[in-house]
Amino acid sequence: MAILAARRLFPAAVLALAACAEQPWSKEDATAEQQQKDKSECEAQAYREVQKRYASLPTMGPALMSDSTARRLNSYPSGPFADVYGTQLQEESRLASACMREKGYAQDAAKPK
């Protein structure tokens with residue numbers, strides 16, 4: 001019974017993992033070196049832009065908590081307003097993608113050969 005369930009779930013798991021893979025950027029007349037250079041430039045530009053935007057925002061550090069045995073531990077807050085670094089990574093990714101599109105690149109799914 002477990003083997004049958006695993007056979008049914010395996011294709012779905014493979015598709016889910018494939019959907020998470022980063023799609024490559026492509027442009028007809030760009031060499032691999034030019035594509036890498038453009039990608040690096042866009043990522044650096046996005047990083048600088050995000051650093052300017054988020055530099056003035058306060059960061060929320062861990063809270064000092066105690067458990068039931070009075071041991072002290074750090075508890076990190078969660079959520080979109082507490083996880084400033086995660087928000088910055090999402091914004092960097094969005095800006096870098098927009099930059100690559102402006103340069104004429106497209107992000108297509110891997111084409112079978």
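Analyst: This is a predicted model. A residue is called buried when its relative accessible area is under 20%, and buried residues make up 18% of the 113 residues in the protein chain.

User: What makes aspartate 38 a buried residue?

Analyst: The relative accessible area of aspartate 38 is 6%, and because buried means under 20%, the label applies to aspartate 38.

User: How do you know that aspartate 38 forms a salt bridge with lysine 103?

Analyst: The closest N and O atoms of aspartate 38 and lysine 103 are 3.7 Å apart; a salt bridge requires the side-chain nitrogen to be within 4 Å of a carboxyl oxygen, so the pair of aspartate 38 and lysine 103 qualifies. Aspartate 38 lies in helix 2, whereas lysine 103 belongs to the loop between helix 3 and strand 4, so the pair ties together parts that are 65 residues apart in sequence.

User: What makes lysine 27 count as sitting over the ring of tyrosine 105?

Analyst: The charged end of lysine 27 is 5.2 Å from the centre of that ring, where the distance criterion is within 6 Å, with a further condition of being within 35 degrees of the ring normal.

Conventions
Residues numbered from 1 in each chain as written. Predicted model: local features only at pLDDT ≥ 70, side-chain atom pairs only at ≥ 80, totals over all residues. Heavy atoms only, no water. Buried < 20%, exposed > 50% of the residue type's maximum accessible area, 1.4 Å probe, protein only. Helix = DSSP H or I, 4+ residues; strand = E, 2+ residues; numbered from the N terminus.
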